[in-house]
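Let us walk through this model from the overall fold down to a single side chain. Keep the viewer open as you read.

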Amino acid sequence: MGFYIFYAVAIVILILHFTGWLKRNNLEWIVLVLAAATFPAVIFLK
């Protein structure tokens with residue numbers, strides 16, 4: 001279940017990134033956090 005929640009949050013973050021919302025609000029660092037969290041999420045949540 002946690003893996004699917006992570007997946008949904010990742011999709012929302014990517015949509016916000018590509019629409020430019022994150023850059024306008026100085027939140028681009030969230031994309032880097034998502035990238036760093038992907039490997040542990042796949043290992044521990046699946």
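Read from one end of the sequence to the other, the protein chain has the pattern α-α-α. This is a predicted model. Its secondary structure amounts to 3 helices and 0 strands. Along the principal axes, the C-alpha atoms fill a box of roughly 35 × 15 × 10 Å.

Next, look at the packing. Two packed helices are described by the angle between their axes and the distance between the axes. Take helix H1, residues 2-19, together with H3. H3 covers residues 29-45. The axes of H1 and H3 come within 11 Å and cross at roughly 160°. Angles over 145 degrees count as roughly antiparallel. H1 and H3 are therefore roughly antiparallel to each other. Their crossing is left-handed.

The protein chain has 46 residues, and buried ones make up 17% of them.

Which residues make the nonpolar surface patch of about 480 Å²? Phe39, Ile43, Phe44 and Leu45 do. One of them, Phe44, is found in helix H3. Is Phe44 buried or exposed? Its relative accessible area is 67%. The cut-off for exposed is over 50%, so Phe44 counts as exposed.

Methods. Residues are numbered from 1 along each chain as its sequence is written. This is a predicted model: local features need pLDDT of at least 70, side-chain atom pairs count only at pLDDT 80 or more; totals for chains, interfaces and linings use all residues. Side-chain values use heavy atoms; hydrogens and water are left out. Patches are made of residues with over 30% relative accessible area and no salt bridge: like charges are joined within 9 Å, nonpolar side chains (Val, Leu, Ile, Met, Phe, Trp, Tyr) within 5 Å. Accessible areas come from the Shrake-Rupley method with a 1.4 Å probe; for residues, only the protein chains shown count as cover. A salt bridge is a side-chain nitrogen of Lys or Arg within 4 Å of a carboxyl oxygen of Asp or Glu. Helices (H or I, at least four residues) and strands (E, at least two) are DSSP runs, numbered from the N terminus. Buried means under 20% relative accessible area, exposed over 50%, partly exposed in between (1.4 Å probe, protein chains only). Axes are lines fitted to C-alpha atoms, for helices over the stretch in contact, and angles run from 0 to 180 degrees between N-to-C directions. Angles under 35 degrees count as roughly parallel, over 145 as roughly antiparallel, 65 to 115 as roughly perpendicular and the rest as oblique. A crossing is left-handed if the near helix is turned anticlockwise from the far one by less than a right angle, and right-handed if clockwise.
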